[in-house]
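The sequence and structure are shown first for reference.

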Amino acid sequence: MRKFGKTRFLALLACMVCALVLTSCNSNQSGNTIDEPEITPEYLAGEYAQQLLTDGAETITGEVTIEKADDSYAVHIVEKEVVPNDSYDEGYYIADTNITKDVAFGDEARIVCAHEDEKVVSSADDFIDRHPDGSDELYTVYLMGDSAELILLVEPEELLASEE
């Protein structure tokens with residue numbers, strides 16, 4: 001009888017240890033899914049953009065148009081460069097590099113664009129509706145291979161400040 005009690009005690013102890021190991025107090029999971037941060041323009045321009053760069057993304061800055069074809073989207077980028085020049089009132093001009101690139105819009109891609117003078121997270125369809133013919137706004141596009149994963153509205157002054 002005593003041996004049976006030790007076995008039960010050890011089995012119960014093993015179950016409790018497993019339960020403690022498998023459920024952590026500091027988990028960022030809710031059930032079987034990881035809690036995602038709120039998708040805001042600030043998050044996408046900061047933490048998310050940095051993670052893409054860490055993962056090997058390259059960036060291109062320029063004017064962007066998006067076209068829809070069946071169930072996919074194509075991103076057309078006309079590369080531009082902000083050139084400091086004190087002869088201009090703004091202290092810079094925007095030069096065309098004569099480089100264009102067409103890439104796919106990633107399945108999980110995000111867009112931050114302007115809407116009523118405020119930066120907002122936008123879907124590809126909303127971006128197309130708001131910018132049907134493109135615009136002279138500058139965007140930094142984060143590319144993973146031939147896929148645009150993040151399109152961020154940037155101001156020329158932000159680009160100049162990041163070069164310093």
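**Notes on the predicted model**

1. The second largest pocket has a volume of about 160 Å³. The elements that give two or more residues to the lining of this pocket are β3 (58-69), β4 (72-84) and α4, and β4 contributes the most, with four residues. Helices (H or I, at least four residues) and strands (E, at least two) are DSSP runs, numbered from the N terminus.

2. This is a predicted model, in which local features need pLDDT of at least 70 and side-chain atom pairs count only at pLDDT 80 or more, while totals for chains, interfaces and linings use all residues. Residues are numbered from 1 along each chain as its sequence is written, and side-chain values use heavy atoms, with hydrogens and water left out.

3. The lining of the second largest pocket includes Thr59, Ile60, Glu79, Lys80, Leu159 and Glu163. By class, this lining divides into three nonpolar, four polar and four charged residues. Here Ala, Val, Leu, Ile, Met, Phe, Trp, Tyr, Cys and Pro count as nonpolar, Asp, Glu, Lys and Arg as charged, and the others, Gly among them, as polar.

4. The largest pocket holds about 240 Å³ of space. Of the 14 residues that line the largest pocket, the closest to its centre are Thr140, Tyr142, Leu152, Val154 and Glu158. At least two lining residues come from each of α2, β7, β8 and α4 (156-163). Eight nonpolar, three polar and three charged residues make up the lining of the largest pocket.

5. Helix α2 (residues 41-54) has 14 residues and spans 19 Å from its first C-alpha to its last, close to the 20 Å expected at 1.5 Å a residue. The helix α2 bends by about 35° at Tyr48; the bend is the angle between axes fitted to the seven residues ending there and the seven starting there. Just after α2, Gly56 takes a positive phi of about 105°.

6. Which residues of α2 are buried? They are Pro41, Tyr43, Leu44, Tyr48, Ala49 and Leu52, where buried means under 20% relative accessible area, exposed over 50% and partly exposed in between (1.4 Å probe, protein chains only). Their cover includes β5 (92-115), β6 (118-122), β7 (138-144) and β8 (147-154).

7. Asn98, in strand β5, has a positive phi of about 60° although it is not a glycine; Asn98 is exposed, with a relative accessible area of 71%. Asp117, in the loop between β5 and β6, also has a positive phi of about 60° without being a glycine, and Asp117 is exposed at 83% relative accessibility.

Key:
Expected span 1.5 Å × (residues − 1). Contact = heavy atoms within 4.5 Å. 1 Å grid on protein atoms, 1.4 Å probe; cavity = no way out; pocket = protein on both sides within 12 Å on 5 of 7 lines; lining within 4 Å. Points joined across faces, edges and corners; volume = space filled by probe spheres on them.
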